[in-house]
Amino acid sequence: MTNPETQLSEFANSGVGRQWERETAMRVMTAYIAHELNHPLGTIINVANMLSRRLSGPVVSPKDIGEHVESIKAEAIRATSIIRHMRMLTEHKPTARTSVSLVDVCSDTIARVASLAKAKQVKLRFVSRAARPKVYGVKELLETALYNLVINSIAAVDNPGIAKRRVIICVAVQDTNWTTIQVLDNGIGVPEGIRDKVFEPFVTTRADGAGLGLAIASDIVRWHHGQVSNRPCKSGTCMEIVLPRE
Ligand SMILES: Nc1ncnc2c1ncn2[C@@H]1O[C@H](COP(=O)(O)OP(=O)(O)O)[C@@H](O)[C@H]1O
Ligand SMILES: [Mg+2]
């Protein structure tokens, strides 16, 4: 009788196996794009609603309208770039990498989550323990990875039992070759039962969760030849991105 490993490898190399692999890749890519498009589309809806409220009010300044229109435009551009980058990630297409400052990745991501953090009464802190460490990659993708970690942390501290809700983003240099971004929170912590599989797609404990944020973050960081891990910590959660320095 053939052993299970041989059977698996025969299946993977068969026509049906290859078709199944392609279909799985398609399913994951479609889910990734849908998941990531939700963020800019949500912002576009919020800003557009805000704008129409302003327009029906008594005084509207052209500057105010201009700012809202600009932010709608920026999010729409982000949406198109997400589609391009997510395809690149899942189809393993080569792309133009550039020198990216991790401090810029952090500050731009923090700017994007600032209003959500404020609404949830979460104090966001940024700590830079290194002078502008750089990596070689795609800035928008690295921001997408970090964004997913930070919104998880905000969700984890958004709990009635947590009075002082804190999320810290810390950039540091590990040694001559590696640099890190840690996202620390004092939230509920990753549930014991899913600790070793949180980076797999479709693993979630949230009623409205897709279970894709960490899988996307992990794929993006691996694409940059790095790794994301859930570091042991006394309370809350510490997610760490490790990336090769430029
Ligand atoms: N900072 C965190 N604190 C506690 N649990 C977390 C944190 N980040 C991730 N998790 C756990 O990992 C699961 C998977 O996260 P993710 O892949 O982002 O999917 P989703 O947010 O849609 O559930 C979450 O449902 C949650 O249980
Ligand atoms: Mg998430």
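**Reading a predicted model: a ligand shell and a helix pair**

Me: Which element gives the most to the shell around ligand 1?

Reply: α5 does, with four residues. This is a predicted model: local features need pLDDT of at least 70, side-chain atom pairs count only at pLDDT 80 or more, and totals for chains, interfaces and linings use all residues. Residues are numbered from 1 along each chain as its sequence is written, while chains are lettered from A and ligands numbered from 1 in the order in which they are written. Helices (H or I, at least four residues) and strands (E, at least two) are DSSP runs, numbered from the N terminus.

Me: How many residues surround ligand 1?

Reply: A residue is near a molecule if its C-beta atom, placed from the backbone, lies within 6 Å of it. Here 23 residues surround ligand 1. Asn152, Ala156, Thr204, Gly209 and Gly213 are the closest. Both α5 (139-157) and α6 (213-223) supply at least two residues of that shell.

Me: How are two packed helices described?

Reply: By the angle between their axes and the distance between the axes. Axes are lines fitted to C-alpha atoms, for helices over the stretch in contact, and angles run from 0 to 180 degrees between N-to-C directions. Helix α4 (residues 102-119) packs with α5 at an angle of about 40°, their axes 9 Å apart.

Me: How do strands β4 and β5 run, parallel or antiparallel?

Reply: Two strands pair if DSSP finds at least two bridges between them. β4 and β5 (residues 178-185) run antiparallel, joined by seven bridges. They form a hairpin with four residues between them. Isoleucine 168 stands opposite leucine 184 in β5.
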